[in-house]
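I opened the notebook to log what I looked up. The entries go from the whole chain down to single residues.

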Amino acid sequence: MVDLTALSETMTMTFLFAIATTFLSSHLVHAFTKPLIYDRRAMPKRTHCQAALSPLDNELSNWAASSNFGTIDKSVPAGSSGWASFRKVYVTDPPTKDNGKEVSFFVKSSSRSCKEMFYGEALGLQAMYACSGGDGADVDDDALRIPKVYHYGDYSDGRGSFLIMEYLNLSGRSDDRALGKAMARMHLSPPTKEAGNPNSSFGFEVDNTIGGTPQPNPWTKPNSGTKEWIEFFRDHRIGHQLNLAGDSYCSNLWEQDIAPRLHLLFQDLQGEKEIRPSLLHGDLWSGNIGSADGKPSIFDPGEYLPVTFQCEHEHTFHNSYLRMLRHKAVYWGHHEAEWGVSFN
């Protein structure tokens, strides 16, 4: 016979134990998870801007504030190369040009140092800007449009560098007559401290390149003239190129027959006709010529920037990538040397 009383008591105890276990488990889970949920909600929230800030964003924000340009209003990616990235940047309180237009900025950044990446480029742009009318160039019909450099340097933590310049709206080649007048103005501009040549010498502050070829630019003595130009051109242009070429026949011909007679080509350039330093683009040809806001502009095919470009043979506009704004070959030399490259 089954003891119904004992069975009933066992089932009752089992049922009560199950209820107690369920209640205790629920209570413990609630007790342990409630503080965790509370703590998570109590943590300060990171805003979207905080989450998106990069080292470059921080540098740009600090630069804008210290320059009294307000804050960064918009930063738009504008492509990249194997060594740098590019952005078009707007600020809330931008500077204005003499023509009343607000300035936006073109920013290059790299993980490498400024000395390695942007120092020479910045100096070249600053020199060309100063010799092309400076801040008044945008209202001067006889001046080249060269972007103004606003800042260059390393990141605060030393883990990269950046260059900030004026953004130019580049388009196709302008009138050749206007280009000729603007180039003459730059070549006739005297060496000055603002242009990076206070001693009126041939050469440049840094060595650079023409295309991918290294180009040495040691300064000649102060107040240099024809004699110093002949030596500079002989040793650091033609002679240097022949040494790189490694052609013994050409090198011997140069050293034995041509270089010793080089001065004969400049016999009449003495006295009032003495050669004086002119700022040169250094690598000028048809592919490096365009216009900005309807005025002639010269640049170098070092980097890419999205622009609106007008086809010469089609009266339509389309988005293209125009190589621009890395003036790698700039130096102070004889203005006639500017036209040594095939020009068409």
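What follows is my list of look-ups, grouped by topic.

**Ground rules.** I worked on a predicted model, where local features need pLDDT of at least 70 and side-chain atom pairs count only at pLDDT 80 or more, while totals for chains, interfaces and linings use all residues. Residues are numbered from 1 along each chain as its sequence is written, and side-chain values use heavy atoms, with hydrogens and water left out.

**Overview.** I looked up the secondary structure and found 8 helices and 14 strands. Helices (H or I, at least four residues) and strands (E, at least two) are DSSP runs, numbered from the N terminus. Next came burial, for which I took buried as under 20% relative accessible area, exposed as over 50% and partly exposed as in between (1.4 Å probe, protein chains only). Of the 344 residues, 39% count as buried. The accessible surface comes to about 19800 Å², and 55% of it belongs to carbon and sulfur atoms. Those areas come from the Shrake-Rupley method with a 1.4 Å probe, and for residues only the protein chains shown count as cover. I then checked contacts, meaning heavy atoms within 4.5 Å. Among contacts with a separation of 6 or more, residues 24 or more positions apart account for 62%.

**Cysteines.** How many disulfides does a search of the whole structure find? I got 0, with a disulfide taken as a pair of cysteine sulfur atoms within 2.5 Å. I also read off two cysteines. Cys114 counts as buried because its relative accessibility is 6%. Cys250, at 32%, counts as partly exposed.

**Cores.** I defined a nonpolar core as a set of buried Ala, Val, Leu, Ile, Met, Phe, Trp, Tyr and Cys residues joined through side-chain atoms within 4.5 Å. The largest has 47 residues, and Leu144, Met186, Phe204, Leu279 and Ile298 touch the most other members. Helices H4 (114-117), H5 (119-130), H6 and H7 (226-245) each supply at least two residues of this core, as do strands S5, S9 (278-280) and S14 (331-333). Which element gives the largest share of this core? It is H5, with 6 residues. A second, separate core has 13 residues, including Leu60, Phe69, Val103 and Phe105.

I went back to H5. This helix has 12 residues and reaches 17 Å from its first C-alpha to its last, close to the 16 Å expected at 1.5 Å a residue. The expected span is 1.5 Å times one less than the number of residues. Its buried residues include Ala127 and Met128. Leu279 is in contact with both Ala127 and Met128, and with Met186 and Trp332 among others.

**Ala329.** I found Ala329 in the loop between strand S13 (317-324) and S14. Ala329 is buried, with a relative accessible area of 1%. Leaving aside neighbours within four places in sequence, its contacts include Asn208, Ile210, His281 and Asp283. Leu280 is 49 residues away in sequence but 8.2 Å away in space, C-alpha to C-alpha.

**Sheet S6-S10-S11.** I counted two strands as paired if DSSP finds at least two bridges between them. This open sheet has 3 strands in the order S6-S10-S11, with antiparallel pairing. The edge strands are S6 (170-171) and S11 (295-298), each pairing on one side only. S10 (residues 289-292) joins S11 over 4 bridges, and S6 joins S10 over 2. Ser291 has bridge partners in both: Pro296 in S11 and Ser171 in S6. Ile289 is the partner of Ile298. Ile289 and Ser291 point one way from S10, Gly290 and Ala292 the other, and all are buried.

Gly153 stands opposite Phe162.

**Positive phi.** Most residues other than glycine have a negative phi. I logged these cases:

- Asp293 has a positive phi near 55° in the hairpin of S10 and S11, which has 2 residues between the strands.
- Asn68 has a positive phi of about 60° and sits between helix H3 (55-66) and strand S1 (72-80). At 61% relative accessibility, Asn68 counts as exposed.
- Ser200 has a positive phi of about 55° and lies between H6 (176-188) and strand S7 (208-210). At 17% relative accessibility, Ser200 counts as buried.
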